[in-house]
Amino acid sequence: MEAFRKGIKETITSHQVDVQNGLSSQQVTQSRQENGANVFDAEKKVSLFKKILLSLNDVATIILLIAAVISFVATYLESSGNYFESLLIIGIVVINSALAIVQEGKAEDSLAALQNLNRTQVKVLRDGHIVQIDADDVVLGDVLVVQNGSAIAADVRLIESVELQAEESALTGESLPVEKDANATFESDNNIDLGERITMVYRGTTIVNGHGRAVVTAVGMQTEMGKIASLLRNESKTPLTPLQRRLVQLGKNISWLAIGAAVIVLGLGIAQGMDLKHIFLTAISLAVAVVPETLAVIVTMTLALGVQRIAQKHAIIRRLPAVETLGTTNIIASDKTGTLTQNKMTVRKVWHDQHDDLLDIADGLDTSAQEVLSLAAISTNVAVKSVNDQKVYDGLPTEVALVRAIESETSREQLLSQYPLVDQVPFNSTKKRMTTVHKHPEGGYIAITKGAFDVLLPMVKHGDRQRAEQVNKMFGEQALRVLTITHKNFDVMPEEPTQDFYEQDLTLVGLVGIIDPPRPESAPAVEKARQAGVRTIMITGDHVETASAIAREIGILREGDQTITGSELAKLSDQELDENVQSYSVYARVTPTDKIRIIKSWQRQDATIAMTGDGVNDAPALKAADVGISMGETGTDVAREASDIILTDDNFATIINAISEGRGVYVKVRKTINFLLSANISELLVILIAMLLGWGSPLLPVHLLFINLVADGLPGFALSREPMLTNVMNQPPMPKNAKLFGQGLDRQIGLNAILFAVVTLIAIWIGQNLTLGGLQPNEQVGQTMAFIILSLTSIWHVFNIRSEKTLFAISYGANKSLVNMAIIATLITLAISLVPLTQTLFGLTALSIAHWAVILVLSVLPTIVIELFKRMRPNLFKV
């Protein structure tokens, strides 16, 4: 039988507890041996060597390593001794590996944060004495002594409780403290949610009122918190992001293309009777040429710069690929308490009985509201302190809300100076009310009783009870927690005052409606997300009525949308959930396991889902989501460690700003792929077509490596600094299963590559067949012209892809580094082509002015054609 269902006697008997003396030292040792210590299982740490291997276990990285080996071989066979290109490729691999290890962190961080929750001191009854011990030393069967402020170190079944309340929001998502009752009973066949098991207090929660004793029923991994640790471990393997999956597939395709091209070139060379060594060098250099060596590092730079920009918008990215995943997010699953709401109970509505005034205090406090709230505020046990010139409130959240509500007019201290406290009947979880007695400034005494509406209304003798019932129903429909405020005036204190005396013949003062209100920015952010094609759903441990009211207010729950509770969700199979998941906008009273089920169901619908949360109970879901987003100010360490992104301002609207930046990053990555592959594929076409035409190999291996690493690499690095397009949030998100070359990117690359190849082949033919400026045609002239034209067209192409409109659509001053890199790459190309020493090293020859004129015309021709296409076929170039 579950621990919360057992009665007190049954609990004591089953754990063989002596409630007067607790466990003996011998029993403690025996319990620890049989049931384990009160610690979480430590996950086996991954060695640095294994982390390095894992970071290299990537198709794109493997291709780079193969490219490095091929480059080494080519350099060795040529006996040039120039291993610069090979070392540069290895350097790129090392940089990528280091970034992966440093940025992505470790899965055990989440478990370590869970362990930190356990580093506290607790009071237990042992050998007949109350002693204070480390939480790690608690064992099954221990008798815990709990009181206001106690942190609970294990799951315990209460055997005594006096006005006991526990704060469980981190575990259950419930925004209000939960009243506990050791004597409560449950039907054996009912499904009882975690937050409703009022005979239990769970590890990781805190006592905020009352005192009691409890028997430890679960320790370590067997606690509800331990189960969450297990869930975190199950979710510790981070899935590949959409872009990572697409780049992996791109790497595989490129590798097959490289192998196929090398085989074809080998076949053609042998058929044409070329020198075997020359054919081999051409084939392997072609394989290197097809691989965009700088792609991985440019993508990493683009993501890293995205991280910097997002940090300026109050979001810390813990894992680089999360930036890109944000851009493809189409579902935001948000926790309610502390994420969409302020996690601060606040008075929203006040009703005064005599004047029948119904006031929303956002409009200010009138005289009637002041009277109700003044009496309510002094009938509390709230202590107000000043810490670093800021007010700090110590007390129950609902009572703090009453005190804060009146402070625009006066303070509780000022009110108490007018109405000195003389007696008090503390709040009772059974009677659900509290009474304080004060001296009245006009003489006599006033007893103020506040509490639950259904309890106090029958006790009211003076007041409009019928109207009060209408207002109570109205408040309830708005998910407001209703406090009823009453009073009784009397002239003389009785010699032996009783609670019955204070609470007889009560006069109704009014009703106060309290709620944890939405953040002001939540509704606009939800609407902005909707306009961008991103749907927001709410997943919370709070009650369905409260969750629905908040969701409706901020625009999450719209007409036709449905809500579902955790108990209802438990009755659905995964298939049934998949069939209906898109109908639900609010999931209430859910457990950590439920949250994971919901997330995985959406993922099976090909959704890219971001999960936000701040509590321990959110951590497994944060790990399971495509993007986990935690709150930096109010979030727990566990939630932050489990997340990919931390919001430093706890602002839901920051998520939308981050999504906007993520979409911009995705666009820039596609531009990078366009830029690099256009050149790489054009190199492939040039070599294959030239060999098919019997022109021999038009480019040397060193030419191809130079183009990839310098002509493409330098401007490519600057692409990561491109300004973000202003229209990214006016378009729907990229589907998770969308092809990397979708939306016309394949056509753009194909067109660019054909244009580059055509002008290069024309240059080769001219160099090999026409006499210009007195220079006789030969193969080396053709190679030199091909090298220069491919380099220049690649460099200048970076300006073509900046905009889908015209190359002048984006200010050149908006990305000065791109202009500078393009100039530097152009100057390096010209220097290599003109300086005799580098001409010799690169196998080039001097050209006539006429040849340079042809090169200039052919190099700018692709840009002119692309600009014409942008005007005639603008849809072809949309990003």
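Are Glu 168 and Lys 180 buried or exposed? You'll get to that in Exercise 1. Before you start: this is a predicted model, where local features need pLDDT of at least 70 and side-chain atom pairs count only at pLDDT 80 or more, while totals for chains, interfaces and linings use all residues. Residues are numbered from 1 along each chain as its sequence is written, and side-chain values use heavy atoms, with hydrogens and water left out.

**Exercise 1.** Describe the contact between Glu 168 and Lys 180.

*Solution.* 
- Step 1: Glu 168 and Lys 180 make a salt bridge, with their closest N and O atoms 2.7 Å apart. (A salt bridge is a side-chain nitrogen of Lys or Arg within 4 Å of a carboxyl oxygen of Asp or Glu.)
- Step 2: Glu 168 sits in the loop between β4 (155–167) and α7 (169–172), and Lys 180 in the loop between β5 (178–179) and β6 (200–201), so the pair, 12 residues apart, links distant parts of the chain. (Helices, H or I with at least four residues, and strands, E with at least two, are DSSP runs numbered from the N terminus.)
- Step 3: Glu 168 and Lys 180 are buried. (Buried is under 20% relative accessible area, exposed is over 50%, and partly exposed is in between, using a 1.4 Å probe and protein chains only.)

**Exercise 2.** Find where the partners Lys 336 and Asp 542 lie.

*Solution.* 
- Step 1: The closest N and O atoms of this salt bridge are 2.9 Å apart.
- Step 2: Lys 336 belongs to helix α13 (residues 336–340), and Asp 542 to the loop between β20 (535–539) and α21 (544–554), 206 residues apart.
- Step 3: Check the cover: Lys 336 and Asp 542 are both buried.

**Exercise 3.** Work out how Asp 505 and Lys 461 are classed by accessibility.

*Solution.* 
- Step 1: Asp 505 forms a salt bridge with Lys 461, and their closest N and O atoms are 3.7 Å apart.
- Step 2: Asp 505 is in the loop between α19 (499–502) and β19 (506–515), while Lys 461 is in strand β17 (residues 460–462).
- Step 3: Asp 505 has 41% relative accessibility, so it counts as partly exposed.
- Step 4: Lys 461 reaches 55%, so it counts as exposed.

**Exercise 4.** Say how many salt bridges the whole structure has, and which residues share partners.

*Solution.* 
- Step 1: Searching the whole structure turns up 21 salt bridges.
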